[in-house]
Amino acid sequence: MKDESQHEMLRRLDSVQAELTKDYIKYWNEYSSFDSWQFWVILAMLIFPLILLFFKMDRERAFILGFFGYNVHIWFTYIDMFGAKLGYWSYPYQVMPLFSVNFGLDVSFIPVVYMFLYQWVLKHNKNFYLYFLGLCGILGFVFKPLLVALDLFELNKGATYFHLFLGYITIMIISKLITNLFFYFKRHLATEKL
């Protein structure tokens, strides 16, 4: 059973969260909505990669690519949310005001970029880790600085591009390990009877 101080603290946190959400919606309406060019850039980062994926994804490898891409999406969103909630970075412009992360990057752009590289690595039998380290470097040291220059991303509290690079590597490793684990289960455990 919860004591009164716990109830009081929870009610206070809920109230603060509701006010913060109202402030984010107000901010979005004033600075980040349909009348800003940044809104349209972020919307393009959401829509165009998904359209490209629909037409260019290797249909024979759709399951493994989709599973890997979904893993990237989940882990990138978690890491992005963690950094944004703790104030290590922020996104001054959003497609939707209720997210502290960049919806276009988390849902579409980054997962699709990872999926296309994974597709290429599989098709050409290349070293996954070597090519993905290169991609992580490009994302961390070229792409994110470009977003900063366009005022679409801000680093705070001492966060650096190297920290972002490490985040991209973490996403790569976790997504690959989970994908490999499930394909191991499919190959080795599917034929066993429970």
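The chain holds six helices and two strands, taken as DSSP runs (H or I over at least four residues for helices, E over at least two for strands) and numbered from the N terminus. This is a predicted model, where local features need pLDDT of at least 70, side-chain atom pairs count only at pLDDT 80 or more, and totals for chains, interfaces and linings use all residues. Residues are numbered from 1 along each chain as its sequence is written, and side-chain values use heavy atoms, with hydrogens and water left out.

Reading from the N terminus, the order of elements is α-α-α-β-α-α-β-α. The C-alpha trace spans about 55 × 50 × 30 Å along its principal axes. Of the 194 residues, 37% come out as buried (under 20% relative accessible area; exposed is over 50%, partly exposed in between, with a 1.4 Å probe and protein chains only).

Next comes the largest pocket, with a volume of about 310 Å³. A pocket here is an open set of points on a 1 Å grid over the protein atoms alone, where a 1.4 Å probe fits, with protein on both sides within 12 Å along at least five of seven lines; lining residues have an atom within 4 Å of a point. Points are joined across faces, edges and corners, and the volume is the space filled by probe spheres set on them. The lining counts 17 residues, with K85, L98, F99, S100 and V101 nearest the centre. Helix 3 (62-85), helix 1 (4-32) and helix 4 (103-124) each put in at least two residues, and helix 3 gives the largest share, five residues.

Two residues stand out by backbone angle. Most residues other than glycine have a negative phi. N125, however, has a positive phi near 50°. N125 sits in the loop between helix 4 and helix 5 (128-149) and is exposed, at 71% relative accessible area. D151, also not a glycine, has a positive phi of about 60°. D151 belongs to the loop between helix 5 and strand 2 (154-155) and is partly exposed, at 33% relative accessibility.
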